[in-house]
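Hi,

Here is the structure I promised to pass on.

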Amino acid sequence: MDVDFDTKNLTLRDYTTWKERADAARIAFVPFGGGPYYGYEVGVIDAMDELGIVPDALLPGCVGNFVGLFYLMALVEGGAPTAYIDQFSKVGLMREKDYRKAPIPPLFPMRVAAWMRGFASYYMSPQAYQDLFAPELFPDVVKSGMDYLLNPTERNLGIFTRNFSVWHPLIRFGLGGYYFAPIGPFGELYDPQNPEGWIAPAIQWGNVYNDKAPIYIMSLLEVGKPTVVQATNCINHPAFAPLDGRRLASGSNLPWLIAETNINGTWYRESAVRDVATLTPAALDSLPSLDVMICVQIMDSNDTGTLTLNNGNHNNYALQVTEMIATIGDDDIEQAKTHLVQQGRDVEWIVIEAQSDAEPFWTVENMERCRREGYEIAMAQFLASPKLRGRLKPRSRRNAPVSVPQPRHVSVLHQAHLDAGRGGA
C-alpha cells in the first residue's frame, strides 16, 4: 500500500468493489480545471444537485482535482454538495478590491512559511551575493535603449526591459532569490512534513475510499516521460496508482509554474501539459458503461495563435503561460470522442464552456459570477439532454446561486472572431 495518509481505522475500497462500481458507471463529471474559472465547475455541481444528477465517476484535472475530491467527500456524507468547496473558496479567494492591489492567487497560504524559510536560507548563503555585477552586459542595455528611442515598438521596449533587468545588480539580487531559493517557482506545492494538512479543508481519505464514493481517476506526468500515469481511489488496482496527497498535489501544479512533486524518488508534475491528460484511453476503458460525459471546458486550443493581452479575456501573464503550455478540455474531448467512436461506444457529451468575458482573477466576485453562469448554462443543457431526460429528479434548490439572465454563450477564445464579424463592435 503506497499512500501518504494514516490508514489506521480506515476501511479502504479494494479493487473488486472498485471495478464493480466502475463497470456500472453511467455518468461522468469532468471538471478540467482552469484555475480562477473553477466557479463554472461549482455552478455545474449546483445544477446537477437541483436536477438530482449524481455522477458515477469523476475525471478531473488541475484545480478540478480539488473541486472533484471535495464534491466526492460531500456526496459520501450526504450533505450540501459544495460544502467543502465553499470552505476551500473562503481560504483561497480574495475580495476584488484587495486582489486588484495584490493580484496573487492565494489558494495555499499555508505554504507562506515554507517560502519565507526558503528565501531566508538563500539570502544567508554565499550564492546570493555572487555575480551581482555584470558590466559586460551594459553595452546591450545601451544599444537596446537606443533602438527603442529610434523605433519605439513594444518589442523593442520588451528587449530593453529584459536587458536592463538582466544587467541591474538589485534586480539580479531579487530574481536570484525567486528562481534559486530552495522553494520557488519550481518548488513542491505538497508539504512532505505535513502530508494530511497541506490543504484546507483537509482531505477526508475515509470518504474518498468509501465504497459509496464515485470512481475518481486523475492523471499525473512523470517528468521526462511522454505518457501520463493514472491514480484512483482504490487500493491494489492492477494498473492505477492509489490516490493520496502527493499525487493530488502533482496533478494540480501547473498554475504554480510547473511545480513538481517527489513521489518515491521520482518527480511528477501536472499532466495537463499532455493532450488527453484526463480522458485517457485507460480511464475511458475502465468505465465501459458510460452514457453521458459532463465536461467543463475552459479553453479552445484552435485559436491560441491569435491571442494577445487585449484579445478575449486572457489578460494576465498566468493565463498567457497556460495558453502556451496546455489546452484545457478541447483536445481532450476531441481525442476521447475519437477513441470511443473507434470502440463503437455511444456516449453523449455535454460541454459547459466559460463565457468570453470571464475574468482570470482569484476573487470572490469572479467565482460567484462564474458559478452563476455555469449553473445557467448547465441547466439549459441538462434539460435538453436526450439521455438525461429520463433520469432527472428535480428537487428544491438548496445551494444553487440566484438565477440571472443567461448571457450570450461563446467559447472564451471565439469572442474576437465574433467582434471582427460585427466590424469590431
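Cys-62 is buried, at 8% relative accessibility (buried means under 20% relative accessible area, exposed over 50% and partly exposed in between, using a 1.4 Å probe and protein chains only). One thing to keep in mind: this is a predicted model, where local features need pLDDT of at least 70, side-chain atom pairs count only at pLDDT 80 or more, and totals for chains, interfaces and linings use all residues. Residues are numbered from 1 along each chain as its sequence is written, and side-chain values use heavy atoms, with hydrogens and water left out.

Back to Cys-62: you'll find it in the loop between strand 2 (57-58) and helix 3 (63-77). Helices (H or I, at least four residues) and strands (E, at least two) are DSSP runs, numbered from the N terminus. The phi of Cys-62 is positive, near 55°, and this residue is not a glycine. Most residues other than glycine have a negative phi, and most peptide bonds are trans.

Asp-131 also has a positive phi, about 60°, without being a glycine. Asp-131 sits in the loop between helix 6 and helix 7 and counts as exposed at 61% relative accessibility. That loop, between helix 6 (112-123) and helix 7 (138-150), holds Phe-133 too. Phe-133 is exposed, with a relative accessible area of 66%. From Phe-133 to Leu-170 it is 37 residues in sequence and 9.1 Å in space, C-alpha to C-alpha.

As for the peptide bonds, the one from Ala-200 to Pro-201 is cis, with omega near 0°. Look for Pro-201 in the loop between helix 9 (169-180) and helix 10 (205-208).

Next, a helix pair. Helix 3 packs against helix 4 (residues 83-92) at an angle of about 140°, with the axes 7 Å apart (axes are lines fitted to C-alpha atoms, for helices over the stretch in contact, and angles run from 0 to 180 degrees between N-to-C directions). That makes helix 3 oblique to helix 4; angles under 35 degrees count as roughly parallel, over 145 as roughly antiparallel, 65 to 115 as roughly perpendicular and the rest as oblique.

Last, the cysteines. There are 0 disulfides in the structure, a disulfide being a pair of cysteine sulfur atoms within 2.5 Å. Cys-234 is buried at 0% relative accessibility, and Cys-370 is buried with a relative accessible area of 0%.

Cheers
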